[in-house]
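Hi everyone, thanks for making time for this. Please take a look at the model on the screen, and we'll walk through it piece by piece.

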Amino acid sequence: MSLKDKLVSSFIAFENHVDIDSKIHDIRSEAIKTFETEGFPTKKDEAWKYTSLNSVLKHDYSVFPKQENALEYNDIKKYFIHDIDTYKIVFIDGKYSSHLSETTHDGLDVCLMSAALNKPKYQLVIDNYFNKIATKDGLSSLNTAFSQEGAYIHIPKNKVVAKPIQILHFSTGNESTLLLQPRNLIVVEENAHVQIIERHQSVTDNPVLTNSVTEIAANKRAIVDYYKIQNDNKNASLIDSTFVDQKRESHVSVHTFSFGGKLTRNNLNFYQNGEHMDSTLNGVTIIGDKQHVDHNTLVHHIEPNCESHQDYKGIFNDSSTGVFNGKVIVNKEAQKTNAFQSNNNILLSDKSTINSKPQLEIFADDVKCSHGCTIGQLDESALFYMKSRGIPEKEAKGLLMYAFSNNVLKSVKIPELKQRITKIIATKLGVNIGFDL
């Protein structure tokens with residue numbers, strides 16, 4: 001039986017454990033029909049032209065973990081950011097871990113999707129926001145069909161969240177192979193501000209596939225800073241689809257740091273439904289061996305007087321492969337749009353590959369839009385200069401590569417997170433960045 005057939009047949013068993021009388025039942029039922037029709041994407045799909053899921057889908061994944069598997073704090077403490085006080089929402093093999101989580105009732109709704117989907121007190125927000133902006137492609141529909149657990153975050157009007165929120169998903173390896181499908185819904189009301197850090201981490205060598213979907217609604221004058229840290233082990237694969245709906249005068253930034261995992265696919269979609277908004281999409285990718293990272297971005301400028309900024313840096317070694325497919329759409333009504341897109345890459349090996357396709361579709365005539373792509377190697381003259389000043393070649397290369405990615409790091413607004421990412425970059429580059437940030 002193929003994985004697709006297994007998932008379709010497993011949906012019946014899943015429905016037996018949820019409330020089939022709820023409004024979500026119809027959404028799930030429609031979603032599984034879409035997945036049954038669409039299936040998994042292939043390289044015949046233009047958006048997946050350079051990314052094949054064949055090596056990932058060959059495993060017979062367990063869809064429902066057979067038991068709740070506990071992890072102790074000492075097993076995973078290195079994955080937490082301890083330098084800053086945060087709220088924490090922790091999931092282990094797709095199940096909420098209360099003893100590892102630290103949530104709050106300080107005027108926030110920070111709870112589980114399972115509670116939000118089933119309790120009347122959350123029904124209005126679910127009706128207004130759940131599955132409203134997520135695309136109806138095969139993978140997103142698969143997640144919708146099995147949507148049960150994940151983070152539900154509702155920030156009320158005029159609330160500035162006192163500290164960042166960490167969302168952490170761990171897989172234990174107690175299953176020989178495991179498919180996880182977390183679903184996050186984040187609603188930030190008018191004039192509210194929140195910072196969120198998300199991480200998916202396997203603590204096993206067993207194959208793990210995560211198909212994650214996150215919907216973010218940023219209402220009028222809301223500010224959302226979202227950080228994704230992707231530094232998983234070599235047998236873990238992640239398909240991460242994030243959808244952002246922005247209203248008037250909101251500011252949303254999503255930073256994606258991709259350092260680990262077997263295959264990583266990031267689908268990041270921004271929809272600007274209002275004027276005087278700003279969207280920031282930044283990313284740093286540093287991979288080697290046979291790792292594969294694919295960034296697929298969309299910014300849709302629908303109304304006038306808005307800005308978007310994309311800056312993606314990639315460093316590829318060994319036989320690794322990178323993909324950047326970025327699209328900016330400017331509607332006819334979206335006059336006075338400023339849209340900037342940049343993708344710059346360094347290949348450290350003759351066997352490494354990058355496929356880059358920046359795209360602009362402009363239907364307005366009074367805009368400032370630009371896109372660019374560079375692919376090359378380290379600057380030999382700069383390397384020679386540093387070596388002539390007594391810096392060993394290895395450290396010189398590391399400093400040049402750090403400087404190459406530093407533009408993205410500058411826009412990280414949490415100093416402690418910036419320091420953590422810098423340490424990861426230094427480890428990936430094999431150098432000691434011997435200065436304070």
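Let me begin with a definition: contact means heavy atoms within 4.5 Å. Axes are lines fitted to C-alpha atoms, for helices over the stretch in contact, and angles run from 0 to 180 degrees between N-to-C directions. Helices (H or I, at least four residues) and strands (E, at least two) are DSSP runs, numbered from the N terminus.

A word on where this comes from. This is a predicted model, in which local features need pLDDT of at least 70 and side-chain atom pairs count only at pLDDT 80 or more, while totals for chains, interfaces and linings use all residues. Residues are numbered from 1 along each chain as its sequence is written, and side-chain values use heavy atoms, with hydrogens and water left out.

Now, the sheet. Strands of a sheet pair through backbone hydrogen bonds, either parallel or antiparallel. Here, two strands pair if DSSP finds at least two bridges between them. What is the order of the strands in the open sheet of 10? Reading across, we get β2-β1-β5-β8-β10-β12-β14-β16-β18-β20, and the pairing is mixed. At the edges sit β2 (95–96) and β20 (368–376), each pairing on one side only.

Let's step through part of that order. Strand β5 (residues 165–171) runs parallel to strand β8 (residues 193–202), and seven bridges join them. Ile165 has Ile196 of β8 as its bridge partner.

Is β10 mostly covered or mostly open? Mostly covered: seven of its eight residues are buried. Buried means under 20% relative accessible area, exposed over 50%, and partly exposed in between, using a 1.4 Å probe and protein chains only.

Helix α9 (residues 393–410) lies across β12 (251–258), β14 (278–287), β16 (307–316) and β18 (338–347), and runs at about 155 degrees to β16. Helix α10 (residues 415–429) lies across β8, β10 (223–230), β12, β14 and β16, running at about 30 degrees to β14.

There is another set of paired strands to see. Strand β15 (residues 292–301) pairs with β17 in the parallel sense over 10 bridges, with Val299 opposite Val328. On to strand β19 (residues 353–362): β17 pairs with β19 in the parallel sense too, over 10 bridges, and Val328 has Leu360 as its partner there. Why is β17 (residues 321–330) described as largely enclosed by the rest of the structure? Because nine of its 10 residues are buried.

Asp318 is partly exposed, at 35% relative accessibility. Leaving aside residues up to four places away in sequence, Asp318 touches Gly288, Asp289, Ser349, Lys351 and Ser352. Asp318 and Lys290 are 28 residues apart in sequence, and their C-alpha atoms are 7.1 Å apart in space.

Let's turn to helix α2 (residues 23–38). Its 16 residues reach 23 Å from first C-alpha to last, close to the 22 Å expected, where the expected span is 1.5 Å times one less than the number of residues. Its buried residues are Ile24, Arg28, Ser29, Ala31, Ile32, Thr34 and Phe35, and what covers them includes α1 (3–15), α5 (113–118), α6 (123–129) and α7 (138–145). After α2 comes Gly39, with a positive phi near 70 degrees.

How do α2 and α7 cross? Their axes come within 8 Å and cross at roughly 145 degrees. On the α2 side, the contact includes Ile27, Arg28 and Glu38, and on the α7 side it includes Ser141 and Leu142.

Asn131, at about 60 degrees, lies in the loop between α6 and α7 and counts as buried at 13% relative accessibility. His276, at about 55 degrees, lies in the loop between β13 (263–272) and β14 and is partly exposed, at 42%.
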